[in-house]
Amino acid sequence: GSLGMRAATLRAHIKDCARVLSQQYIGKIEKEKAFSTRVINGVYPDERQYWVPITRPDGSIVCEADGAYDKPVHVMGPRGPQNALKRFEFVEPPSVMTFNLKVLGGKNTIHESDLHHVFRYGGVHGYAGERGDGEGRYSFSLEQIFTKQ
C-alpha cells in the first residue's frame with residue numbers, strides 16, 4: 001500500500017560512493033585502512049528496516065507514483081540488436097526517505113564528516129540506475145541518535 005526502497009540498495013549506493021571518493025579524492029593515508037574499506041566494513045543499514053518508505057515532508061506516506069515515462073533501450077541479444085521501451089515510475093519532489101545507519105566504532109571509526117563526504121558526493125552523483133541521465137540527485141541531513149562510550 002506504499003512506495004519504498006530496499007535498504008540494501010542504500011548500502012550499495014553508500015559503497016559505490018565510498019569507492020569513488022577513496023580512489024579519486026581522498027586517497028590512502030599511510031598506516032590506515034583505505035576510506036572505502038572503512039566505510040564498506042563499518043556502515044550498515046539498520047537490519048530492522050528492510051523497506052525504507054517514501055514520504056512527503058509532512059510525513060504522509062506516498063502510496064503511488066506521481067507519473068511515469070517511457071525510455072527507449074537498445075541491447076545486443078543473441079539475435080542481434082533488440083529494441084524495447086522501459087517504463088519508469090517517479091515520485092515528484094519533495095519526497096523523503098528516512099533511515100537509520102549503524103556505524104561501527106573502534107580503531108577504524110567512521111566519523112560524521114566521513115558520512116557527509118559520502119552523501120554530498122552521492123547527492124551530486126545520483127541514486128539508482130538512471131543516475132547517468134541526471135536522475136536520482138538528492139539532498140540529505142544527518143542526525144546522530146545514539147552514542148555508546
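1. Strand 1 is joined to strand 3 by 3 bridges and the two run antiparallel; Met5 has Val52 in strand 3 as its bridge partner.

2. Ground rules. Bear in mind that this is a predicted model: local features need pLDDT of at least 70, side-chain atom pairs count only at pLDDT 80 or more, and totals for chains, interfaces and linings use all residues. Residues are numbered from 1 along each chain as its sequence is written, and side-chain values use heavy atoms, with hydrogens and water left out.

3. The hairpin. Strand 4 and strand 5 form a hairpin with 2 residues between them. Their pairing is antiparallel and runs over 11 bridges. If you want one to click on, take His74, whose bridge partner in strand 5 is Asn83.

4. Tyr69 and Phe88 have ring centres 5.3 Å apart and planes at 20 degrees, so the pair is stacked. The rule: rings of Phe, Tyr and Trp (its six-membered ring) pair if their centres lie within 6.5 Å; planes under 30 degrees apart are stacked, over 60 edge-to-face, and the rest tilted. Tyr69 sits in strand 4 (residues 67-77) and Phe88 in strand 5 (residues 80-90), so the pair ties together parts that are 19 residues apart in sequence. Phe88 is buried at 14% relative accessible area, while Tyr69 is partly exposed at 32%; the cut-offs are under 20% for buried, over 50% for exposed and partly exposed in between (1.4 Å probe, protein chains only). Together with Phe90, Tyr69 and Phe88 form one aromatic cluster.

5. Other aromatics. The count comes to 5 aromatic pairs. Among them is Tyr50 with Trp51, an edge-to-face pair at 5.3 Å centre to centre and 80 degrees between the planes. Trp51 is exposed, at 54% relative accessibility.

6. The core. The largest nonpolar core has 13 residues, and those with the most contacts inside it are Ile14, Phe35, Val39, Val43 and Val118. Such a core is a set of buried Ala, Val, Leu, Ile, Met, Phe, Trp, Tyr and Cys residues joined through side-chain atoms within 4.5 Å. Helix 1, helix 2 and helix 3 each supply at least two of its residues, and helix 1 gives the largest share, 5 residues. Val43 is worth a look: leaving out residues up to four places away in sequence, Val43 touches Arg11, Ile14, Leu101, Lys102, Ile110 and Leu115 (contact means heavy atoms within 4.5 Å).

7. Helix 3. This helix (residues 112-125) has 14 residues and reaches 20 Å from its first C-alpha to its last, close to the 20 Å expected at 1.5 Å a residue; the expected span is 1.5 Å times one less than the number of residues. Its buried residues are Asp114, Leu115, Val118, Phe119, Tyr121, Gly122 and Gly123. Their cover includes helix 1 (7-26), helix 2 (35-42), strand 2 (43-45) and strand 7 (101-103). After helix 3 comes Gly126, with a positive phi near 100 degrees.

8. Salt bridges. I'd check these next; the structure holds 7, a salt bridge being a side-chain nitrogen of Lys or Arg within 4 Å of a carboxyl oxygen of Asp or Glu. Arg48 and Asp46 meet at 2.6 Å, N to O; Arg48 is exposed at 70% relative accessibility, whereas Asp46 is buried at 7%.

9. The longer-range ones. Lys102 and Glu47 form a salt bridge at 2.9 Å, N to O. Lys102 lies in strand 7 and Glu47 in the loop between strand 2 and strand 3 (51-55), so the pair ties together parts that are 55 residues apart in sequence. Lys71 bridges to Asp133, with the closest N and O atoms 2.5 Å apart. Here Lys71 is in strand 4 and Asp133 in the segment after helix 3, so parts 62 residues apart in sequence are tied together. Lys71 is partly exposed at 24%, and Asp133 is partly exposed at 46%.

How values were computed. Helix = DSSP H or I, 4+ residues; strand = E, 2+ residues; numbered from the N terminus. Pairing = 2+ DSSP bridges.
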